[in-house]
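Here are some friendly notes to read alongside the model. Please keep it open as you go through the points.

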Amino acid sequence: MRVFLDANVLFSAAKSDGAVRQLLMLLEKSGHEFCVDSYVIEEARRNLVAKAPDRVVALERLLSRMKTAGAQRSNAVLEASLPLPAKDRPVLAAAIHQSCALVTGDRTHFGRLYGRTIHGVTIHSPRSLAEALLM
């Protein structure tokens, strides 16, 4: 399965050797492919520089094993149809464009969408992704 990672997932995996990094390692060993784009990379990097600058190197190591797309051309019609705040729409739009499931820890904006499929993309929390793919 192809899995698009939101910035908060990248941040968590780079910041500590906790559950999110362990999940990514298990998924990678199981043959799943990770996708990201420049929008989520820059958000994760910006947050790491502000909160844990010594972990930016860990982010770069993680990214070296992922399929990275450049910035996507904005699709205003698609983004306007997405039930999210404007700042989060590019994340779901990128997952749709890359035909990936989306994993995000953002319960505030995405939480009500966990388990739903929008334009062919199923939205997961890290936990629900682990349950769906590893259990």
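Which helix gives the most to the lining of the largest cavity? Helix H2 (residues 19–29) does, with three residues. Helices here are DSSP runs of H or I with at least four residues, strands are E runs of at least two, and both are numbered from the N terminus.

Some ground rules before the points. This is a predicted model, in which local features need pLDDT of at least 70 and side-chain atom pairs count only at pLDDT 80 or more, while totals for chains, interfaces and linings use all residues. Residues are numbered from 1 along each chain as its sequence is written, and side-chain values use heavy atoms, with hydrogens and water left out.

1. **The cavity.** The count comes to one cavity of 30 Å³ or more, and the largest cavity has a volume of about 40 Å³. A cavity is a set of points, on a 1 Å grid over the protein atoms alone, where a 1.4 Å probe fits but cannot get out; lining residues have an atom within 4 Å of a point. Grid points are joined across faces, edges and corners, and the volume is the space filled by probe spheres set on them. The lining consists of Leu24, Met25, Glu28, Phe34, Leu62, Arg65 and Met66. By class that makes five nonpolar, no polar and two charged residues. In this scheme Ala, Val, Leu, Ile, Met, Phe, Trp, Tyr, Cys and Pro are nonpolar, Asp, Glu, Lys and Arg are charged, and the others, Gly among them, are polar.

2. A pocket, unlike a cavity, is an open set of points with protein on both sides within 12 Å along at least five of seven lines.

3. **A lysine over a ring.** Lys51 lies over the face of Phe11, at 5.9 Å from the ring centre. The rule asks for NZ of Lys or CZ of Arg within 6 Å of the ring centre and within 35 degrees of the ring normal.

4. **The cysteines.** How many disulfides does the rule give? The count is zero, a disulfide being a pair of cysteine sulfur atoms within 2.5 Å. For Cys35, the nearest cysteine sulfur is that of Cys100, 3.3 Å away. Cys100 is likewise in no disulfide, with the sulfur of Cys35 as its nearest cysteine sulfur. Cys35 is buried at 0% relative accessibility, and Cys100 is buried at 3%. Buried means under 20% relative accessible area, exposed over 50%, and partly exposed in between (1.4 Å probe, protein chains only).

5. **Positive phi.** Most residues other than glycine have a negative phi. Ser99 is not a glycine, yet has a positive phi of about 55 degrees. Ser99 sits in the loop between H6 and strand E4 (101–103) and is exposed, with a relative accessible area of 58%. His119, also not a glycine, has a positive phi of about 50 degrees; its place is the loop between strand E5 (117–118) and strand E6 (121–124).

6. **Buried leucines.** Leu102 lies in strand E4 and counts as buried at 0% relative accessibility. Leu59, in helix H4 (residues 56–63), is buried with a relative accessible area of 0%. Between Leu59 and Arg21 there are 38 residues of sequence separation and 11 Å in space, C-alpha to C-alpha.

7. **Two further residues to check.** Tyr39 is in helix H3 and is partly exposed at 35% relative accessibility. The C-alpha atoms of Tyr39 and Ala69 are separated by 9.4 Å, with the residues 30 apart along the chain. His97 belongs to helix H6 (residues 89–97) and is exposed at 55% relative accessibility. From His97 to Ala52, 45 residues apart along the chain, the C-alpha separation is 31 Å.
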